[in-house]
Amino acid sequence: MFLRISFFCFLLLETLPLFAQGLKIQRINPTNWYVGMRKQQVQLLVYGPNIKGAKVKVNYPSVFVDRVHQVESPNYVFVDLTIGADTKPGTLQLQFSKVFPLTERRNNSTIVNGGREMIVTVPYELKARTARPQTVDSRDFVYLLLPDRFANGDPSNDRFADMADTQLDRTNPFLRHGGDLAGIMKHLDYFKELGVTTLWLNPVIENDQPTTNEGGAMRSSYHGYGFTDHYSVDKRLGGNEAYLKLVAAAHAKGLKIMQDAVYNHVGKNHWLVRDLPAKDWLNQWPQYQNTTYKDQPIVDPYASEYDRKVSQDGWFVPFLPDLNHKNSYVANFLIQHALWTVEYFGIDAWRVDTYFYNDLNFMNTLNQRLLEEHPNLYICGENWVNSVTNQAYFVKNKLNVPWKSNLPGAIDFQLYNASNDALNQNINRWYETLGQDLLYDDAFRNLIFLDNHDLDRFYSVIGENLDKYKMGITFLLTTRGIPQLYYGTELLMKNFKNPSDAEVRKDFPGGFANDPTNKFTASGRTATENEAFTYVRTLASFRKTSTALQTGKLTQFLPQDGIYAYFRHDSKGTVMILMNANTTEKKLDTERFRERMHGFSSAKNVLTGAQVSNLQQIQIPARSSLVLELQ
């Protein structure tokens, strides 16, 4: 009896029609869009099983479907929408429809028998624009920090069982330590006390990456440079809501936010990489091809096309798939995400990672779109190159070259190199490097620094010499450009990158539970650390009130006898800066500076508050700097 029933059921199943899985929309990016954009088109990336071939309709005033694009993968369509200038904010309904064939099995054969239309409707929000980025420029003082290593404000988000990396271990330099956005928000008053005006956070976007073997050690992506979902802030940092709260709280205290952008690559666990829309979404090679990390073939007029291609299209590392910006869908995805981020979170500036590895025409387009919508937005790019000429090539410049960049500002590695040389070898290096500023369209838009998350700590580079430290800080806060301080440099945090970057990315003392010291407070710092902190704070505070230091002209004089003199000046004031690289005190005759000192008879020592009554001859202590507000 059992055998008869089973055989009957088998026959019945063989003749019943079989339906393909119904339409299911799993993702739409951007997750929402905005009315009132200068460019009235947006391209929606729509993801769902077997959605290829779907028709799309929308019923909303002044919104139209222009075109539905099909790609290689059956799981994507790209929908071009026009959003009219008079469109009102609201929620529209996107209707997707597709006819799936009806099939049935007969005698071990599949027979198509007509079709059945499947329809699914998905809400999609159009928001009003509210973002008003504040200008980040040479009036600002930028503070760079790694969120995971700064402070833990919410231990409940330290780890999640559903993520690829569930580890947390502060004793391991390569794993996550638990810092988050709530921790940063708890210390906004610390930044204000120091004189900071802008926070630059290493990437906050989701990095749902497994640990990877790098140099024989398993390492997490705590640094944030392997994105896995562009529209989600990593929930171990607190997610989108925590980022919104941080930006709002920072703005309420007069602080700006600079976000770290990565366009060159994504993490290998990015959902788009796990199910590629098309093979050419990534830069593909017959076999794995690493970049040479060389900028020279991009600038070199004699370079081979092969070398140029390897520099830009080779992968940064094997576990960071390299995006193909020549694919228009990739380009639109990245451009729209950048625009969405400014609108959704209200950030004020972008720092672009690995700039010259990107397709440079794509970068010009992206920069143009951002600045069309937000003219005040500051954008600077990481071009870690070997000469001032090559650094100038990748930003707005005065070079006579066929391709011209529209990037507003450089991250000034050349002035960083000059600072190390000036303090350790030859003080003339500052003068020589600044003397090449004629190559830039506006060198005052360069971001200048003494160290960052990829470099040896400044205090270690100068041999843990407090006098040199003060000279470096003085230069940082008084020369041209936008000064940037790396977290902990104000506290003399030290270390070299050997054996890894983790050595220069230690936790901020006091940012985590059970830390033995709390260096957010004066009582938790040593006397020497307080001396360094106070030095930074004093100069940063003065800089906030001195238009000469913020935006004034720079006049420098040839260094002589180990002394470098320069002036910052405008119609409101003149500041004289003197650097003595000698190991002995020097008496400086100021006659040769007459063109900048004429009419002034005294000065205030900005660092001590003391009055200087004799400007004809100035005593400069050994290995020190003077900042004099001329009166």
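**Strands, helices and contacts in a predicted model**

Strand S26 (residues 603-605) and S27 are joined by 2 bridges and run antiparallel. Helices (H or I, at least four residues) and strands (E, at least two) are DSSP runs, numbered from the N terminus, and two strands pair if DSSP finds at least two bridges between them. The structure is a predicted model, in which local features need pLDDT of at least 70 and side-chain atom pairs count only at pLDDT 80 or more, while totals for chains, interfaces and linings use all residues. Residues are numbered from 1 along each chain as its sequence is written, and side-chain values use heavy atoms, with hydrogens and water left out.

Within this pairing, lysine 604 has glutamine 611 in S27 as its bridge partner. Both strands belong to an open sheet of 6 strands, ordered S22-S23-S24-S29-S26-S27, with antiparallel pairing. Strand S22 (553-560) and strand S27 (611-612) stand at the edges with a single partner strand each, so one side of each has no neighbour in the sheet.

A further open sheet has 8 strands in the order S19-S18-S17-S16-S11-S10-S21-S20, and here the pairing is parallel. Its edges are strand S19 (409-410) and strand S20 (447-449); each has a single partner strand, so one side of each is left without a neighbour in the sheet.

Next come the helices. Two packed helices are described by the angle between their axes and the distance between the axes. Axes are lines fitted to C-alpha atoms, for helices over the stretch in contact, and angles run from 0 to 180 degrees between N-to-C directions. The axes of helix H12 (residues 413-424) and helix H15 (residues 466-478) come within 10 Å and cross at roughly 145°. This crossing of H12 and H15 is right-handed (a crossing is left-handed if the near helix is turned anticlockwise from the far one by less than a right angle, and right-handed if clockwise). In contact (heavy atoms within 4.5 Å), Leu415, Ser419, Leu423 and Asn424 of H12 meet Lys468, Met471, Gly472 and Phe475 of H15. The residues of this contact divide into 4 nonpolar, 3 polar and 1 charged. Ala, Val, Leu, Ile, Met, Phe, Trp, Tyr, Cys and Pro count as nonpolar, Asp, Glu, Lys and Arg as charged, and the others, Gly among them, as polar.

H15 also packs with helix H16 (residues 527-545): their axes come within 10 Å and cross at roughly 20°. H15 is therefore roughly parallel to H16 (angles under 35 degrees count as roughly parallel, over 145 as roughly antiparallel, 65 to 115 as roughly perpendicular and the rest as oblique). The residues of the contact of H15 with H16 divide into 9 nonpolar, 3 polar and 3 charged. Among them, Leu466, Tyr469 and Ile473 are in H15, while Ala532, Tyr535 and Leu539 are in H16.

Side chains of opposite charge can pair when their charged atoms come close. The count comes to 34 salt bridges (a side-chain nitrogen of Lys or Arg within 4 Å of a carboxyl oxygen of Asp or Glu).

Most residues other than glycine have a negative phi, and most peptide bonds are trans. The bond from asparagine 29 to proline 30 is cis, with omega near 0°; proline 30 lies in the loop between strand S2 (27-29) and strand S3 (33-34).
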